[in-house]
Amino acid sequence: MKSKDTSKKIMIVVCVILVTIVLFSNVAWCIFYMKEKNNLRHSIMPVTQGDYYQEQLALVNNYELLKKEIGSTVEYEEKAKYIASNLDRISYQENNKAKKEVPFIKQNPDYPNGCESVSAVMLLQSYGIGITVDEFINDYLRKSIIYSKDGDRYGPDPRSTYAGDPTSETMGFGIFEPGIQSAIEKVLYDKVKEGINYNVRGSGQKEPLEYQVARQLPIVIWATTNYEPVNEMWTWRSYNKEYTYTYPKNSHTIVITGVDEEYYYVNDPLQEEGNIKIEKKKLEDSFDSLGRQVIGIEMYDIRELQQGGEMKGLKW
């Protein structure tokens, strides 16, 4: 009897030791992962301080370096499984079951350089928000002039402010994700109904496009007008001459409405109709070259959540 009791105690001690080792190793791995992530981020960021576009490219590079140097994380693997298991749900197969009904708006002739605002309005309207492009540009979009003096171009920080005039063919440059996200948040603050909560998400961890569309559709992304990687830049100095900003030529903003094994389906405001298809690799490369910028909206009824409902996109 004593022998059995002793064996049981030994097994318990061994189990406790094993659990402790596993927990310790997981904690150690997490500390290592975060340390490496911060080291990479800090080694890249000082070079790009003040230039949002270069910062985003550095973060994309950071993401890819982490995958290469540290290997696939549990989180990465889980996302891959999620995409595989949900491909049918997010695809355009058969009856276009996953097709998101997103109103299509052309940017020409009224907004020749207003793709960001037009795409934002398409996204908002897909959630039932009553807003026009004119209202978005005039009442919610932060914008400022861009001008030349003594051979130099001067303008605002495009991370927060539209550089130029989106209704001008020659004096409209653009704005990046944070500025459009801020404008969308202001619209929702003014227009959502009582009892509806919302979240406007950005590019966050700089995940590849396939993960973004697996998580949610529709979404707004930054790409290029020809869906090729960026190869030319505009530059201008801040008004106080402290910073130089980089802005990709042919930068373009579109709404992704669907995906299948070969194509993404998009509402491109430069086209004549919505839901055109773009080869996946082609759009992914263009998206990467713009720093993987993305905006999505989540809406949910607080009362439903309180009764055990799920958070999901909501139209009214």
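This is a predicted model: local features need pLDDT of at least 70, side-chain atom pairs count only at pLDDT 80 or more; totals for chains, interfaces and linings use all residues.
Glu228 lies in the loop between strand E7 (219-224) and E8, whereas Lys282 belongs to helix H8 (residues 280-289), so the pair ties together parts that are 54 residues apart in sequence. Glu228 counts as partly exposed, at 35% relative accessibility, and Lys282 is partly exposed as well, with a relative accessible area of 29%.

A salt bridge also joins Lys106 to Glu272, with 3.1 Å between the closest N and O atoms. Because Lys106 sits in the loop between helix H3 (74-90) and H4, and Glu272 in the loop between strand E11 (263-267) and strand E12 (276-279), this pair ties together parts that are 166 residues apart in sequence. Lys106 counts as partly exposed at 38% relative accessibility, while Glu272, with a relative accessible area of 63%, is exposed. The count of salt bridges comes to 11, and Glu55, Asp157 and Arg159 are linked in a network of such bridges.

## Helix H5 and its two faces

The buried residues of helix H5 (residues 133-140) are Val133, Phe136, Ile137 and Tyr140. They cover an arc of only 120 degrees around the axis, and therefore lie on the same side of H5. The face turned away from this buried side carries Asn138 and Asp139, which are exposed.

The buried residues of H5 pack against helix H4 (115-126), strand E1 (143-144) and helix H6 (177-191).

## Ser117 in helix H4

Ser117 lies in helix H4 and, at 1% relative accessibility, counts as buried. Leaving aside residues up to four places away in sequence, Ser117 touches Phe136, Ile137, Leu141 and Ile180; Phe136 and Ile137 are among the buried residues of H5.

## A nonpolar surface patch

On the surface, Ile145, Tyr147 and Tyr239 form a nonpolar patch that together has about 300 Å² of accessible area. Tyr239 is placed in the loop between strand E8 (233-237) and strand E9 (244-248), and at 37% relative accessibility this residue counts as partly exposed.

Conventions:
Residues are numbered from 1 along each chain as its sequence is written. Side-chain values use heavy atoms; hydrogens and water are left out. Patches are made of residues with over 30% relative accessible area and no salt bridge: like charges are joined within 9 Å, nonpolar side chains (Val, Leu, Ile, Met, Phe, Trp, Tyr) within 5 Å. Accessible areas come from the Shrake-Rupley method with a 1.4 Å probe; for residues, only the protein chains shown count as cover. A salt bridge is a side-chain nitrogen of Lys or Arg within 4 Å of a carboxyl oxygen of Asp or Glu. Helices (H or I, at least four residues) and strands (E, at least two) are DSSP runs, numbered from the N terminus. Buried means under 20% relative accessible area, exposed over 50%, partly exposed in between (1.4 Å probe, protein chains only). The arc is that of the directions from the helix axis to the C-beta atoms. Contact means heavy atoms within 4.5 Å.
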